[in-house]
Amino acid sequence: MDRLSNTDMALLATLTQCTPRERWRARQAIICMDKNVESFLIDILNQTEDEGVKIDILMILSKKRITCPATVQAVTRHLNHPKARVRAGAADTLLHASPKLRLVLADLRHAVATEKNPAIRQTIQKLLDRYPHG
C-alpha cells in the first residue's frame, strides 16, 4: 500500500467533513492520484452512513481499477443498500472497475433477483452476462 502524504489524507478527510462542492474537488483530485487509496476509501465507505459520501466514494472507485478482492466484496454489499442511488452507484462501480467479479457471482444473482429498480437491475444483469457459465 502506498504511503499517503498529509495532503492526501486531507483530501480523504474532505470526503467526510466538507460541503458537496469541496467533496467534488477532493473527488476529482483523488481520481487523478497515482497512489493506491482503495483501502482508505473502503474504510470510509464502510464507516459512513452519509449517502452522499458513499456515492462520492463509489464514483471514485468506478474511475479506478479495483485491485483488491475485499474491495469487490465491500462494494457488492452496497447492492443491498436501502437507497437506490447507493445501489446504482455500487452496480456502476462494479460494471466499470472490477475485474474480479467471480468472487461475488452468488451475491450478484441475489441482487438482480431482488432489485425492484429496472435500471439498477439491468446494470447488475450486465455484470452477470460477463460470466454466463460462472
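Predicted model: local features only at pLDDT ≥ 70, side-chain atom pairs only at ≥ 80, totals over all residues.
Ser62 is buried, with a relative accessible area of 12%. The cut-off explains the label: buried means under 20% relative accessible area.

Ser62 belongs to helix H4, which spans residues 51-63. Its side chain reaches the backbone oxygen of Met59 at 2.8 Å. Leaving aside residues up to four places away in sequence, Ser62 touches Asp92, Thr93, His96 and Ala97.

Helix H6 covers residues 84-97. The axes of H4 and H6 come within 8 Å. They cross at roughly 10°. Angles under 35 degrees count as roughly parallel, so H4 runs roughly parallel to H6.

Which residues make this contact? From H4 come Glu51, Lys54, Ile55, Leu58, Leu61 and Ser62. H6 supplies Arg85, Val86, Gly89, Ala90, Asp92, Thr93, His96 and Ala97. Sorted by class, the contact of H4 with H6 holds 6 nonpolar, 4 polar and 4 charged residues.

Now turn to another pair of helices. Helix H7 takes in residues 105-114, and helix H8 takes in residues 118-129. Their axes lie 9 Å apart. The packing angle is about 150°. Angles over 145 degrees count as roughly antiparallel, which means that H7 is roughly antiparallel to H8. The crossing of H7 past H8 is left-handed.

What does each helix bring to this contact? By class, the contact of H7 with H8 has 7 nonpolar, 1 polar and 2 charged residues.

Leu127 sits in helix H8. Is Leu127 buried or exposed? Leu127 counts as buried, because its relative accessibility is 0%. Not counting residues up to four places away in sequence, Leu127 touches Ala91, Leu94, Leu95, Leu101 and Leu108.

A last step takes in a longer view along the chain. Leu127 and Ala26 are 101 residues apart along the chain. Their C-alpha atoms are separated by 29 Å.

Notes. Residues numbered from 1 in each chain as written. Heavy atoms only, no water. Axes fitted to C-alpha atoms, helices over the stretch in contact; angles between N-to-C directions. Helix = DSSP H or I, 4+ residues; strand = E, 2+ residues; numbered from the N terminus. Parallel < 35°, antiparallel > 145°, perpendicular 65-115°, else oblique. Left-handed = near helix turned anticlockwise from the far one by under 90°. Nonpolar A, V, L, I, M, F, W, Y, C, P; charged D, E, K, R; others polar. Buried < 20%, exposed > 50% of the residue type's maximum accessible area, 1.4 Å probe, protein only. Polar contact = N/O pair within 3.5 Å; in protein donor to acceptor, adjacent residues only side chain to side chain. Contact = heavy atoms within 4.5 Å.
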